[in-house]
Amino acid sequence: MIMTAAQAEHADVIVVGAGPGGSAAAYHLARTGLDVVLLEKTSFPREKVCGDGLTPRAVRSLIEMGIDTGSDPAGEPGGHLDERATGDGSGWARNRGLRIVGGRVRLELPWPELANWPDYGLVRPRLDFDELLARHAEKAGARLREQTAVTGPILDERTGRVIGVRAKTGRGGDPLRFHAPLVIAADGNSARMALSVGIRRREDRPLGVAVRRYYRSPRTHDDFLESHLELWEGAPGASRLLPGYGWIFGVGDGTSNVGLGLLNTTTAFQNTDYKDLLRRWLGGLPPDWGYTEENATGPVRGGALPMAFNRAPHYRDGLLLVGDAGGVVNPFNGEGIAYAMESGRLAAEVAVQALARSHGLSRERALQAYPHVLRQRYGGYYTLGRVFVQLIGNPTVMRTATRYGLPRPTLMRFTLKLLANLTDPRGGDALDRLINAMSRLAPAA
Ligand SMILES: Cc1cc2nc3c(=O)[nH]c(=O)nc-3n(C[C@H](O)[C@H](O)[C@H](O)COP(=O)(O)OP(=O)(O)OC[C@H]3O[C@@H](n4cnc5c(N)ncnc54)[C@H](O)[C@@H]3O)c2cc1C
């Protein structure tokens with residue numbers, strides 16, 4: 001449809017941004033029969049800088065949305081465990097746990113067996129992962145508009161409430177107007193919508209910066225996500241210790257996604273040449289892993305990880321914040337996709353309830369619940385995460401933890417559950433109960 005500046009489209013809810021947070025929100029809204037417009041400034045398929053790693057927490061959200069994550073080769077007749085990461089041709093590479101590498105110590109920790117969470121993770125490049133989610137929301141009824149960049153909110157002159165958005169299309173740059181009683185901002189770390197209503201970044205909350213690159217590698221079928229707690233320029237213990245943490249994720253398509261990140265609690269955060277850091281770390285890894293310039297399939301790219309509610313409040317004047325726009329990345333492990341999809345679903349649930357009420361105070365009360373729901377779910381855990389981030393910002397603490405913690409299996413099983421936020425809320429084991437109690441007792445972030 002060709003629209004002129006005077007025309008406006010109407011919907012029940014506008015979702016800005018079709019990353020995992022926006023697509024999940026749009027999917028759950030559309031499923032209830034609401035009229036949802038999902039506005040995305042790029043067109044699919046499009047790249048998004050990411051490690052592409054999905055823990056069982058993210059897999060649960062995908063299953064909830066009815067997304068087929070492929071079959072488990074190990075469960076098929078004739079299948080083998082070591083085929084898992086090859087996936088089944090569906091584009092998913094399965095993994096069965098986290099391998100933690102600290103210096104010369106390597107520890108493989110299978111994902112925990114829990115009632116609440118699946119026992120496998122996945123890797124899938126964001127190049128088609130995000131498109132898959134956006135098309136899934138579209139199939140559920142959401143009206144997806146690609147090449148539609150939101151330029152700002154439309155405010156009610158009298159109340160200052162967000163009642164829509166202005167946008168322009170990629171090609172002609174035509175001005176568009178979309179009206180709805182509710183807008184969900186899922187526009188990622190740029191957080192343009194939040195900023196436009198004065199919701200700024202909290203400087204007292206952790207922020208990460210990370211870079212990644214794809215390399216052709218014989219490790220492409222690795223069925224563990226690999227996390228490096230220490231980055232050595234050469235041989236572990238006998239070379240220079242570099243700042244940051246690294247990952248190596250087998251993508252299952254002939255490549256590995258390899259990257260590293262730093263937190264703003266580290267002194268090196270400000271003046272680091274990330275590309276050079278990656279080059280130096282990879283230069284010290286075994287050459288047969290293939291992480292060399294010749295095997296790179298694209299450039300080094302980077303981005304920010306807004307953590308532990310680094311933008312709040314999550315609701316104001318008709319605008320709900322979801323995913324990176326609300327800074328919901330897990331500070332323990334830098335995982336953001338699961339939290340974007342979960343906050344998308346929670347925002348959708350609140351929106352559905354609110355829109356069923358009459359305009360005015362009653363509806364507003366329903367919307368005000370959203371920040372409380374988020375705080376209830378993640379607040380205590382994120383407070384613990386902020387302490388954790390402060391501690392690991394100190395190299396001495398980190399070295400001591402790696403040296404004395406890694407060789408202790410029970411402690412590491414506890415660490416895995418804590419880092420990946422994977423516990424059973426009821427009926428779990430002693431480790432689950434301990435983590436749940438710690439999260440409950442910590443003041444909500
Ligand atoms: C290097 C790196 C590695 C990472 N690795 C992992 C990992 O392995 N696992 C993990 O779980 N998380 C990882 N993360 C974090 C993860 O990428 C994010 O938390 C996640 O993408 C957040 O999803 P989102 O939907 O909130 O935002 P995004 O994925 O950023 O999506 C936002 C969408 O909004 C669109 N948009 C923006 N502005 C506008 C506008 N004005 N109008 C219309 N559309 C707009 C964008 O084009 C985009 O499609 C990593 C991050 C980085 C930087």
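**Notebook: surface patch, sheet and one histidine**

I began with the surface and found that Val387, Leu391 and Val397 make a nonpolar patch of about 230 Å². Patches here take residues with over 30% relative accessible area and no salt bridge, nonpolar side chains being joined within 5 Å and like charges within 9 Å; a salt bridge is a Lys or Arg side-chain nitrogen within 4 Å of an Asp or Glu carboxyl oxygen, and areas are Shrake-Rupley values with a 1.4 Å probe. This is a predicted model, in which local features need pLDDT of at least 70 and side-chain atom pairs pLDDT 80 or more, while totals for chains, interfaces and linings use all residues. Residues are numbered from 1 along each chain, and side-chain values use heavy atoms without hydrogens or water.

I placed valine 387 in helix 7 (residues 361-392); helices are DSSP runs of H or I with at least four residues, strands runs of E with at least two. Valine 387 is partly exposed at 47% relative accessible area, where buried means under 20% and exposed over 50%.

Next I looked up the open sheet of seven strands, whose order is 7-6-15-18-19-14-20 with mixed pairing; strands pair if DSSP finds at least two bridges between them. Its edge strands are strand 7 (105-110) and strand 20 (301-306). Strand 6 (residues 97-102) runs antiparallel to strand 7, joined by six bridges, and arginine 99 stands opposite glutamate 108.

Last, I checked histidine 28, which sits in helix 1 (residues 20-31) and counts as buried at 16% relative accessibility. Leaving out residues up to four places away in sequence, histidine 28 touches Met65, Arg345 and Ala348, contact meaning heavy atoms within 4.5 Å.

Conventions: Buried means under 20% relative accessible area, exposed over 50%, partly exposed in between (1.4 Å probe, protein chains only).
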